[in-house]
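This report describes the surroundings of the two ligands in the structure shown below.

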Amino acid sequence: MTLTTGIQTYLNYIDGKWVPASTGEVEASINPANRHDVIGYVQISGRDDLEKAVAAAKNALSSWRKRSGPERGEFLHRMANVLERRADEIAETMTREMGKTLPEAKGETARGIALLRYYAGEGMRKVGDVIPSTDSEGLMFTTRVPLGVVGVITPWNFPVAIPLWKMAPALAYGNTVVFKPAEETAVTAAKLVECMEEAGLPAGVVNLVMGSGPVIGQGIVDHPDISGITFTGSNEVGRRVGQRAVARGAKFQLEMGGKNPVIVLEDADLDLAVEATVSGGLRTAGQKCTATSRVFVQSAVYDPFKEKLLSRVKEIQVGDGMDPRTWMGPLVSEEQLHRVLSYIRKGVEEGATLLCGGRRLEEENLKDGFFVEPTVFEDVTPEMTIAREEIFGPVLALIRVDTLEEALRLANDVPYGLSASIFTRDIGNMLSFIDEMDAGLVRVNAETAGVELQAPFGGMKQSSSHSREQGRAAIEFFTSIKTVFVKG
Ligand SMILES: NC(=O)C1=CN([C@@H]2O[C@H](COP(=O)(O)OP(=O)(O)OC[C@H]3O[C@@H](n4cnc5c(N)ncnc54)[C@H](O)[C@@H]3O)[C@@H](O)[C@H]2O)C=CC1
Ligand SMILES: O=C(O)CCC(=O)C(=O)O
């Protein structure tokens with residue numbers, strides 16, 4: 001492609017060096033708020049580049065895993081300090097590259113710093129237990145060892161937090177990493193890796209390979225020297241990653257989609273429920289796996305809830321995420337824009353009533369971006385496509401219910417089970433919801449999105465591979481248990 005001068009080209013980071021892809025090919029990473037704004041050129045790598053990255057990670061493994069936990073933690077502390085120093089610059093890059101608003105990007109960067117500090121501390125926590133042996137002279141205990149080289153495949157919607165909640169524990173527990181970020185956010189990924197380099201991470205411990213899913217992602221999944229693959233993204237790709245990993249006996253962890261419900265009961269604080277539905281469903285333009293998508297409202301409060309919701313949604317200011325007046329930015333790409341618009345069309349065709357939004361925004365200042373109006377449907381029935389499939393856009397479906405039982409039955413009637421919320425003041429209703437809702441994350445009087453890094457995160461049913469990320473749960477994926485018996 002023709003390169004515009006003055007725009008930086010970002011390279012792969014392999015074995016401690018910034019190197020161009022062996023293919024000689026690059027692509028432009030563009031601003032979804034204005035397609036003419038090129039954030040940087042990024043590498044389209046080939047299998048040769050991946051081979052080099054895996055070899056570097058394999059080579060770095062023995063010395064990295066031999067370091068003590070506190071020593072590895074010290075590197076993570078230093079990375080956190082560098083990221084903190086560069087936080088504004090990296091948040092701005094994130095906003096320009098994937099569209100979320102600057103306050104959201106700053107919040108995510110702060111989350112990244114906290115993740116690094118949390119896992120830095122992990123280096124000092126216990127890794128095993130002493131278990132009584134039947135042999136009175138024997139000592140039996142468990143310890144944990146790293147998996148080896150770990151492949152980290154990430155999406156574009158949380159370009160700092162997701163890579164860090166995978167890489168920080170991978171490193172803390174002694175693994176080395178080959179990191180393949182989403183093509184859409186490769187510049188943000190390169191800046192994250194720059195922070196690791198600046199923090200003095202030894203060569204080969206983290207290797208960045210930019211490129212396509214079918215070439216680099218698939219190459220990671222199939223590589224015999226990669227012992228574990230951690231993936232976040234679509235169900236379609238995730239399922240394939242899991243099947244290929246099983247076929248060669250590699251460990252894998254998948255975090256995929258959601259179709260997350262909110263249940264609003266007649267005793268709910270309606271203002272709180274509206275605010276949480278808007279925030280959970282429409283922030284980051286609905287591009288979160290935890291985003292609210294279906295809203296079940298008890299008949300007695302359906303009309304007042306709907307009116308309050310619509311008046312709040314109509315106030316939303318859509319625009320460039322760098323503009324301080326903007327509440328909701330664009331969708332990440334033209335492909336994602338068309339995908340979301342086609343779901344909206346399907347909703348109308350299948351008989352749902354469009355209450356507001358539904359159009360691409362093409363005013364003078366928005367026409368070069370991928371903006372869609374925040375959209376609310378009603379008369380949505382459980383078999384409609386918009387009630388079943390993950391849209392990954394700013395689209396809410398209102399569904400009227402008579403009872404909590406009906407709401408729970410419908411809320412559970414999808415293949416996903418990531419997060420879910422209820423709004424009620426009744427403890428009995430709360431407890432029924434906590435018990436009966438099939439979701440990895442159940443939240444009472446709080447929005448469906450916004451996970452906390454110190455707690456386990458993951459879904460039920462087709463939302464995940466039934467594993468959990470973050471918090472102490474991460475140790476289960478990134479290490480193997482060894483049971484040791486010693487007799488003098
Ligand atoms: N659960 C979540 O957090 C996310 C869900 N999605 C869902 O996926 C839809 C499509 O978004 P995409 O970015 O296309 O998701 P995707 O699943 O294609 O991409 C996620 C990551 O997987 C990589 N990848 C793609 N094909 C691969 C393969 N064959 N082997 C290994 N890695 C591969 C991609 O390059 C990217 O790094 C969205 O509309 C949304 O519904 C997307 C991003 C995040
Ligand atoms: O809601 C959050 O904070 C995290 C969402 C997430 O993990 C995702 O969208 O992939």
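In what follows, Ala, Val, Leu, Ile, Met, Phe, Trp, Tyr, Cys and Pro count as nonpolar, Asp, Glu, Lys and Arg as charged, and the others, Gly among them, as polar. The model is predicted.

By that division, the shell around ligand 2 holds seven nonpolar, three polar and two charged residues. Its members include Arg111, Asn157, Phe158, Trp165, Lys288, Cys289, Thr290 and Val451. Domain 1 (9-256 + 464-486) and domain 2 (260-444) each contribute residues to this shell, so ligand 2 lies between them.

The shell around ligand 1 has 26 residues, and the closest are Thr154, Trp156, Ser234, Met256 and Gln336. This shell divides into 11 nonpolar, 10 polar and five charged residues. Ligand 1 also lies between domain 1 and domain 2, because both give residues to its shell. The space that ligand 1 takes is the largest pocket. Two or more residues of the shell come from each of α7 (213-222), β9 (228-232), α8 (235-247) and α11 (334-349).

| Residue and atom | Ligand atom | Distance |
|---|---|---|
| Asn157, polar side-chain atom | ligand 2, oxygen | 2.9 Å |
| Cys289, backbone N or O atom | ligand 2, oxygen | 2.5 Å |
| Val451, polar backbone atom | ligand 2, oxygen | 3.0 Å |
| Asn157, polar side-chain atom | ligand 1, oxygen | 3.5 Å |
| Gly233, polar backbone atom | ligand 1, nitrogen | 3.4 Å |
| Ser234, polar side-chain atom | ligand 1, oxygen | 2.6 Å |

On its own, ligand 1 has 820 Å² of accessible area, of which the protein covers 90%. Ligand 2 taken alone exposes 290 Å², and the protein buries 99% of that.

Terms used: Residues are numbered from 1 along each chain as its sequence is written. Chains are lettered from A and ligands numbered from 1 in the order in which they are written. This is a predicted model: local features need pLDDT of at least 70, side-chain atom pairs count only at pLDDT 80 or more; totals for chains, interfaces and linings use all residues. Side-chain values use heavy atoms; hydrogens and water are left out. A residue is near a molecule or strand if one of its heavy atoms lies within 4 Å of it. A polar contact is a pair of N or O atoms within 3.5 Å; within protein, one must be able to donate a hydrogen and the other to accept it, and residues adjacent in sequence count only if both atoms are side-chain atoms. Accessible areas come from the Shrake-Rupley method with a 1.4 Å probe; for residues, only the protein chains shown count as cover. Domain bounds come from an automatic or database domain assignment. On a 1 Å grid over the protein atoms alone, a cavity is a set of points where a 1.4 Å probe fits but cannot get out, and a pocket is an open set with protein on both sides within 12 Å along at least five of seven lines; lining residues have an atom within 4 Å of a point. A molecule sits in a cavity or pocket if more than half of its atoms lie within 2 Å of its grid points. Helices (H or I, at least four residues) and strands (E, at least two) are DSSP runs, numbered from the N terminus.
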